[in-house]
Amino acid sequence: MSVYVLGIETSCDETSCAIVKDGREVIANTIYSQIDIHTEYGGVVPEIASRAHIEKISYVVDKTLNDANMTFNDIDCIAVTYGPGLVGALLCGVSYAKSLAYGLNMPLIKVHHIKGHIGANYISHKELEPPFLCLVVSGGHSHIVEVKDYDEFKIVAQTRDDAAGEAFDKIGRVMGLPYPGGAKIDKLSYEGDKYAVSFPQVTFKDCYDFSFSGVKTAVINYLHRIEQNGVDVLNADNHEIILNEFLNGNGVKQNKKELSKADIVASFTEAVTEILSENTVKYAVEKKYKTVAIAGGVAANTHLRRKLTEKCEKHGIKFLYPEPILCTDNAAMIAAMGYYSYLKKDFADINLNAVPYESIEK
Ligand code: KG4
Ligand code: ZN
């Protein structure tokens with residue numbers, strides 16, 4: 001008999017509900033994005049996020065059941081993101097899910113947000129089974145993870161400072177692009193020269209950890225130098241020439257060149273995506289992984305996908321990525337992972353609480 005999991009996700013700025021069949025097939029997936037509300041502030045405002053979740057959650061759950069042409073009688077269990085994330089936002093989903101499970105006398109399942117991101121790959125690739133290697137890149141995480149089983153994960157590399165998504169958003173902000181910057185930088189990078197400026201790509205001896213604060217600072221310093229020449233970078237058009245000489249990442253003059261915001265954005269994207277893809281594939285080769293997947297909001301980045309496709313192909317490694325709608329925060333990925341807990345009867349009780357920080361290894 002098929003198992004239908006109703007998933008709920010409210011960890012940050014998306015209110016989402018989905019119904020997934022047998023962990024692999026999305027029956028309905030509703031995502032209400034709060035981005036328009038937060039754009040005005042240049043980032044997510046936690047209290048506003050919580051209030052918006054409360055306002056929308058019932059609507060989102062009802063719509064999902066309607067879209068699926070189902071009622072609660074057709075659902076086998078409720079899965080919810082309990083962490084990591086914004087505690088107030090998480091509490092909205094957790095409280096709602098607990099009420100549903102209690103009222104409907106159904107099992108309640110807690111799902112770790114990052115494990116959910118990884119689980120998005122099970123929906124997009126029906127044949128995928130652990131073990132595989134996964135690069136998890138979101139607004140708050142940059143991990144290389146060994147997915148040993150559906151419920152067993154090992155972090156083998158991680159960022160020492162900023163997450164990749166955080167760096168994208170920060171650079172978006174200093175470039176005058178609306179929040180969140182990641183997707184806009186992705187698109188604008190096609191219109192610039194990725195070799196215009198060589199920004200630092202940090203590597204560590206004897207491990208595959210990341211560090212993005214250096215490249216972020218290098219871009220910001222670079223822009224400051226341009227601004228010192230009287231250029232209003234924030235308000236400049238994306239293709240307007242903002243610099244008439246070519247400086248390298250350390251601000252050293254190399255030769256004459258015209259540079260636009262698009263060139264700087266493309267060069268930044270090149271630095272970040274090169275290091276993410278290079279470290280991941282090097283680790284996969286070293287440990288003889290046959291399959292590499294990506295997950296999280298930054299997994300939608302088309303430059304990163306292209307680089308991973310090319311590098312994996314070179315080493316005969318299969319490379320998988322979820323469809324873009326499943327990279328961003330969504331409840332389908334939560335329901336997909338919830339299914340595997342359901343099979344093991346790994347149920348949460350009514351005391352379930354929201355947890356803002358929790359390792360994926362737990
Ligand atoms: O996974 P996610 O939706 O939320 C978290 O769990 O953090 O990730 C959001 C992050 C944001 O930083 C956003 O700018 C980034 O993912 N992002 C992208 C792209 N689409 C979203 N970054 C780079 N390129 C993209 N196409
Ligand atoms: Zn996320």
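Domain bounds, as used here, come from an automatic or database domain assignment. The model is predicted.

**Ligand site**

Domain 1 (4-128 + 325-343) and domain 2 (132-323) each contribute residues to the shell around ligand 1, so the ligand lies between them. The shell holds 19 residues, of which His117, Gly139, Asp169, Asp186 and Gly297 come nearest. Sorted by class, 11 of the shell residues are polar, five are nonpolar and three are charged. Three helices, α4 (113-124), α5 (164-174) and α6 (181-188), supply at least two shell residues each.

| Side chain (N or O atom) | Ligand 1 atom | Distance |
|---|---|---|
| Aspartate 169 | oxygen | 2.6 Å |
| Aspartate 186 | nitrogen | 2.9 Å |
| Asparagine 301 | nitrogen | 3.0 Å |

On its own, ligand 1 has 550 Å² of accessible area, and the protein covers 85% of that area.

**Backbone features**

One joins glycine 83 and proline 84, with omega about -10 degrees; proline 84 is in the loop between β4 (77-83) and α3 (87-104). Another joins tyrosine 179 and proline 180, also with omega about -10 degrees. Proline 180 belongs to the loop that runs between α5 and α6, and both of these helices supply residues to the ligand 1 shell.

Aspartate 206 has a positive phi, near 65 degrees, although this residue is not glycine. Aspartate 206 is found in the loop between α6 and α7 (213-228).

Note on methods:
Residues numbered from 1 in each chain as written. Chains lettered and ligands numbered in written order. Predicted model: local features only at pLDDT ≥ 70, side-chain atom pairs only at ≥ 80, totals over all residues. Heavy atoms only, no water. Near = heavy atom within 4 Å. Polar contact = N/O pair within 3.5 Å; in protein donor to acceptor, adjacent residues only side chain to side chain. Areas by Shrake-Rupley, 256 points an atom, 1.4 Å probe, with all protein chains shown as cover. Helix = DSSP H or I, 4+ residues; strand = E, 2+ residues; numbered from the N terminus. Nonpolar A, V, L, I, M, F, W, Y, C, P; charged D, E, K, R; others polar.
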